[in-house]
Amino acid sequence: MLIKLALKSVMNRKTSVMLTLLTIAISVMLLLSIEKVRHDAKSSFSNTISGTDLIVGARTGDIQLLLSSVFRIGHANNSVSWQSYEYIKKQRGVAWSIPISLGDSHKGYAVLGTDDNYFKHYRFAKKQHLQFAEGRAFHNAQEVVLGAQVANKLHYQLGQKIVISHGMGNTSFHHHDDNPLVISGILAPTGTPVDKTLHVPLAAIETMHSSGHSAPRQIVNKPTAPNHDHDHDHDHDHDHDHDHDHEKQNDISSNLQSKPGDLIGTTSKLTAFMLGFDSPLYTLQVRRNINQYKEEPLLAIMPTVTLRELWEMLDIIERILLLFSVIVVLISLLGMLTSLLATLSQRRRELAILRSVGARPRHIFSLLITEAVLITALGCLAGVLLFYVIQSITQAWLQSHFGIVIDIVLLSGYELSLLGVIIVAGTFIGAIPAARAYFYSLADGMQIKT
């Protein structure tokens with residue numbers, strides 16, 4: 001009977017009740033959305049790189065190696081020799097390896113030298129493969145693959161030629177103009193540092209640095225006094241130099257036409273490399289061996305573990321998001337309180353009539369409490385429905401732009417407990433106008449003119 005009467009009372013005040021319902025629904029939707037993003041952002045951050053068991057680089061800090069190799073932040077102090085890379089990748093249990101060479105850039109975006117294994121084995125966001133929005137992977141040392149953000153921000157297209165610059169950052173004083181690269185592919189958005197990276201073959205890095213940094217040719221001045229023997233010798237030397245330069249040019253030309261892995265020699269240096277294993281048991285064993293490697297000081301880190309450690313250093317972000325959630329709920333509940341108090345003065349005659357037909361003060365109190373619970377519960381239900389609608393609309397956008405993978409699942413126990421807290425809080429909020437109505441007298445209600 002009390003619930004039926006509360007429903008009729010609510011329907012009689014449709015406009016004000018609908019506004020209150022909408023306020024609560026939006027607040028609940030925001031609360032659940034913030035909590036969802038807070039939880040999934042942490043999970044997605046831990047899956048910035050996925051499926052990689054070890055990252056190996058020169059001995060430094062765990063986080064520094066992770067930032068330089070995965071996030072392209074900072075610079076590696078030392079490099080890894082090609083011999084060490086070749087030796088380690090042949091160890092028992094190693095299923096695949098991805099070499100990484102950093103140090104060049106293009107208009108502020110990092111250039112990453114690697115090989116075909118990068119596109120085959122690199123994973124992100126719960127082991128998702130890299131996909132091509134346009135084109136294909138590089139096939140020779142004259143091609144480059146762009147991340148989605150690079151292509152979008154710089155308005156690049158397939159087949160366009162670009163020039164790589166030496167050094168990281170927006171400003172470079174040395175450009176590899178003699179080795180322009182052709183865009184062969186553009187990756188689909190991932191929401192990870194891959195989007196802000198240009199990918200080139202290791203052979204291209206080797207070619208650019210070997211040809212771009214070669215010593216300038218020396219010019220020999222002829223003597224003032226005629227000396228035919230010397231002139232003859234000089235002409236012979238000149239022809240020899242000319243032949244040597246011609247051979248060098250032929251070598252460079254042949255290098256540019258070679259396959260991505262053909263140019264890598266024993267003098268090459270890597271920033272780091274990634275390893276995948278057949279079994280987790282091999283991961284721990286090889287990691288220990290690498291950290292004790294005697295040929296050169298190396299460090300092997302488990303990226304998932306280091307990513308969690310890095311997120312814990314940034315736990316202030318979680319606290320800020322949680323604070324926003326609490327503020328949103330408080331504002332909605334205060335809005336409901338304001339609405340109930342505003343309509344209470346208009347309902348004094350209604351309450352007086354109920355008293356006149358036999359309703360006691362406790363019945364009036366219970367009626368207003370029931371209305372508050374009903375409005376809060378309906379607002380929570382509408383907020384949950386709105387939450388799922390927003391998830392389905394923004395799921396793909398959040399992943400492609402921010403790298404946050406949203407899984408549309410049923411509400412967790414924690415989220416249901418949040419809704420329970422809101423309903424309880426709404427009950428206490430409704431008790432304030434109910435307590436005021438409790439003390440309204442019958443005479444006070446009958447004195448209001450119609």
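# Helix packing, cavities and buried sites in a predicted model

Visitor: How do helix α2 and helix α11 pack in terms of angle and axis distance?
Guide: In this predicted model, helix α2 spans residues 14-46 and helix α11 spans residues 315-344. Two packed helices are described by the angle between their axes and by the distance between those axes. For α2 and α11 the axes lie 9 Å apart, and the packing angle is about 170 degrees.

Visitor: Are α2 and α11 roughly parallel or roughly antiparallel to each other?
Guide: The angle between α2 and α11 is about 170 degrees. Angles over 145 degrees count as roughly antiparallel. The relation of α2 to α11 is therefore roughly antiparallel.

Visitor: How do the residues of the contact of α2 with α11 divide into nonpolar, polar and charged?
Guide: On the α2 side, the residues making the contact include Ile 24, Leu 30, Leu 31, Glu 35 and Arg 38. On the α11 side, Leu 321, Leu 322, Phe 324 and Ser 332 are among them. The residues of this contact divide into 10 nonpolar, eight polar and four charged.

Visitor: Which residues are the closest to the centre of the largest pocket?
Guide: The largest pocket has a volume of about 870 Å³. The elements that give two or more residues to its lining are α2, β4 (109-114), α6 (148-154), α11 and α13 (361-402). Of the 38 lining residues, those closest to the centre are Gly 191, Thr 192, Pro 193, Lys 196 and His 401.

Visitor: How do the residues of the lining of the largest pocket divide by class?
Guide: The lining of the largest pocket draws two or more residues from each of several elements, α2 and α11 among them. By class, the lining residues of this pocket divide into 18 nonpolar, 17 polar and three charged.

Visitor: What is the volume of the largest cavity?
Guide: Rolling a probe the size of a water molecule over the atoms shows where empty space is left. Searching the whole structure gives four cavities of 30 Å³ or more. The largest cavity has a volume of about 80 Å³.

Visitor: Which element gives the largest share of the lining of the largest cavity?
Guide: The residues that line the largest cavity include Gly 57, Arg 59, Gln 64, His 75 and Thr 271. Two or more of the lining residues come from each of β1 (54-58) and α3 (62-69). By class, the lining has three nonpolar, eight polar and one charged residues. The largest share, three residues, comes from α3.

Visitor: What covers the buried residues of α3?
Guide: Within α3, the buried residues are Leu 65, Leu 66, Ser 68 and Ser 69. Their cover includes β1, β3, β14 (272-277), β15 (298-301) and α10 (303-313).

Visitor: Is Lys 107 buried or exposed?
Guide: Lys 107 lies in the loop between β3 (94-106) and β4. Most residues other than glycine have a negative phi. Phi of Lys 107, however, is near 55 degrees, a positive value. With a relative accessible area of 54%, and over 50% counting as exposed, Lys 107 is exposed.

Visitor: What is the relative accessibility of His 155?
Guide: His 155 is located in the loop between α6 and β9 (161-162). Although His 155 is not a glycine, its phi is positive, at about 55 degrees. His 155 counts as exposed because its relative accessibility is 65%.

Visitor: Which residues does Gln 391 touch, not counting those up to four places away in sequence?
Guide: Gln 391 has its place in helix α13. With a relative accessible area of 5%, Gln 391 is buried. Not counting residues up to four places away in sequence, Gln 391 touches Lys 36, Ile 406, Asp 407 and Ile 408.

Visitor: How many Å apart in space are Ser 268 and Trp 82, C-alpha to C-alpha?
Guide: Ser 268 is in the loop between α8 (228-256) and β13 (269-270), where it is buried, with a relative accessible area of 7%. Leaving aside neighbours within four places in sequence, Ser 268 is in contact with Val 80, Ser 81, Trp 82 and Glu 206. Ser 268 and Trp 82 are 186 residues apart in sequence, and their C-alpha to C-alpha separation in space is 5.5 Å.

Visitor: What percentage of contacts between residues at least 6 apart in sequence join residues at least 24 apart?
Guide: The chain contains 15 helices and 15 strands. Of its 450 residues, 43% are buried. Among contacts between residues at least 6 apart in sequence, the share that joins residues at least 24 apart is 79%.

Technical notes
Residues are numbered from 1 along each chain as its sequence is written. This is a predicted model: local features need pLDDT of at least 70, side-chain atom pairs count only at pLDDT 80 or more; totals for chains, interfaces and linings use all residues. Side-chain values use heavy atoms; hydrogens and water are left out. Axes are lines fitted to C-alpha atoms, for helices over the stretch in contact, and angles run from 0 to 180 degrees between N-to-C directions. Helices (H or I, at least four residues) and strands (E, at least two) are DSSP runs, numbered from the N terminus. Angles under 35 degrees count as roughly parallel, over 145 as roughly antiparallel, 65 to 115 as roughly perpendicular and the rest as oblique. Contact means heavy atoms within 4.5 Å. Ala, Val, Leu, Ile, Met, Phe, Trp, Tyr, Cys and Pro count as nonpolar, Asp, Glu, Lys and Arg as charged, and the others, Gly among them, as polar. On a 1 Å grid over the protein atoms alone, a cavity is a set of points where a 1.4 Å probe fits but cannot get out, and a pocket is an open set with protein on both sides within 12 Å along at least five of seven lines; lining residues have an atom within 4 Å of a point. Grid points are joined across faces, edges and corners, and a volume is the space filled by probe spheres set on the points. Buried means under 20% relative accessible area, exposed over 50%, partly exposed in between (1.4 Å probe, protein chains only).
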